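Here is a short report on aromatic rings, charges over rings and a pocket. Look at the structure, then read on.

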Amino acid sequence: MRKLIINVVWIFCLISAASAQRGLVYETRTVKSNILKMERKYSIYLPPGYEESDQAYPVLYLLHGSGDDHTGWVQFGQVQHIADKVIAEGRAAHMIIVMPDADARRGYFNDIRGDFNYEDFFFKELIPHIEKTYRVRKDKHYRAVAGLSMGGGGSIFYALHQPDMFAAAAPLSASTGLWEMDQLKSRLGDTAAKVTAAQLEAYFKHHNMEAILKNASKEDLDKIKRIRWYISCGDDDFLYEGNSLMHILFRKNEIAHEYRVKDGGHTWTYWRMELPLVMEFVSKSFTQY
């Protein structure tokens with residue numbers, strides 16, 4: 001009987017230890033947005049030990065792609081399994097991962113007519129909400145942004161627009177925004193005819209990497225250069241050319257970055273392969289200062 005009790009206790013300890021190494025994912029939580037005049041959803045990963053400690057953690061904002069929502073990285077990206085494994089292996093820091101829900105079609109930027117100012121919401125409401133609700137380190141040295149496809153574009157421009165906010169940016173298979181004015185008009189469709197030439201020009205300059213870097217002050221360019229950049233795209237990805245041009249543009253502007261082209265396409269197989277590397281990369285940003 002005593003041996004049986006010891007075995008039961010031992011098994012319970014093993015189960016408890018295994019459980020303690022798992023993070024938590026809350027698939028749908030909400031934040032009220034006065035800017036968007038609606039509730040916006042997000043998913044969140046809390047690292048192993050979060051509920052048992054009073055520690056504050058660095059944070060990675062992980063953005064989904066077009067046609068998807070906040071659950072994409074949870075369901076298809078297997079964020080809990082991957083994050084638990086990479087943290088347990090000591091390859092990445094314990095971190096909080098926030099996966100916000102952008103509009104599947106309108107994306108992460110402010111609408112050219114001001115109808116859906118998601119970028120304002122992200123910086124003025126979502127980040128403050130996360131930092132108030134969870135134990136998050138609030139210094140930029142402990143904040144990173146990454147994303148895939150449309151979310152990769154979001155991660156690029158969030159870092160370019162607000163270089164004071166992020167230690168690292170990791171766009172994957174990104175929609176880079178390296179189009180000409182005619183291409184922008186085509187993307188906007190009927191909306192392009194409903195705005196002034198000045199609005200169109202301002203929007204173009206705000207969402208074109210070449211224009212941003214060309215018009216940046218020396219101070220802002222120095223801030224952009226202090227961000228650690230990780231750019232990755234599959235060799236069979238239809239967005240490969242834009243990512244290659246981004247690499248060339250960064251080289252010309254002497255912006256240090258890691259650039260990776262690997263076997264793969266615009267698929268979850270590729271992004272699941274990259275997520276551990278993204279976590280490892282941004283962790284080095286969190287600890288280098």
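Buried means a relative accessible area under 20%, exposed means over 50%, and partly exposed lies in between. The model discussed here is predicted.

## Tyr108 and Tyr158

Tyr108 is buried, because its relative accessible area is 2%. Tyr158 is buried too, at 0%.

These residues form an aromatic pair. The ring centres are 6.3 Å apart and the planes stand at 90°, which makes the pair edge-to-face. Tyr108 sits in the loop between strand S4 (96-100) and helix H4 (118-133). Tyr158 belongs to helix H5 (residues 150-161). The pair therefore ties together parts that are 50 residues apart in sequence.

## The aromatic cluster and the pair count

Tyr108 and Tyr158 are also members of one aromatic cluster.

In one of them, Phe76 and Trp268 have ring centres 5.9 Å apart. Their planes meet at 45°, so this pair is tilted: an angle under 30 degrees would count as stacked, and one over 60 as edge-to-face.

## Phe76 and Trp268

Where do the two partners lie? Phe76 is in the loop between helix H2 (72-75) and helix H3 (79-88). Trp268 is in helix H11 (residues 268-287). The pair therefore links parts that are 192 residues apart in sequence.

Is Phe76 buried or partly exposed? Phe76 has a relative accessible area of 45%, so it is partly exposed. Trp268 has 17% and therefore counts as buried.

## Charges over rings

Two arginines are placed over tyrosine rings. Arg135 lies over the face of Tyr50, at 4.1 Å from the ring centre. Arg137 has its charged end over the ring of Tyr142, 5.4 Å from the centre.

## The largest pocket

The largest pocket has a volume of about 660 Å³. It is lined by 27 residues. Closest to its centre are Arg105, Arg106, Phe109, Arg187 and Tyr203.

Which helix gives the most to this lining? H5 does, with four residues. Helix H6 (181-188) supplies at least two. By class, the lining has 12 nonpolar, 10 polar and five charged residues.

Notes: Residues numbered from 1 in each chain as written. Predicted model: local features only at pLDDT ≥ 70, side-chain atom pairs only at ≥ 80, totals over all residues. Heavy atoms only, no water. Phe/Tyr/Trp six-rings, centres within 6.5 Å; stacked < 30°, edge-to-face > 60°. Buried < 20%, exposed > 50% of the residue type's maximum accessible area, 1.4 Å probe, protein only. Lys NZ or Arg CZ within 6 Å of the ring centre and 35° of its normal. 1 Å grid on protein atoms, 1.4 Å probe; cavity = no way out; pocket = protein on both sides within 12 Å on 5 of 7 lines; lining within 4 Å. Points joined across faces, edges and corners; volume = space filled by probe spheres on them. Nonpolar A, V, L, I, M, F, W, Y, C, P; charged D, E, K, R; others polar.
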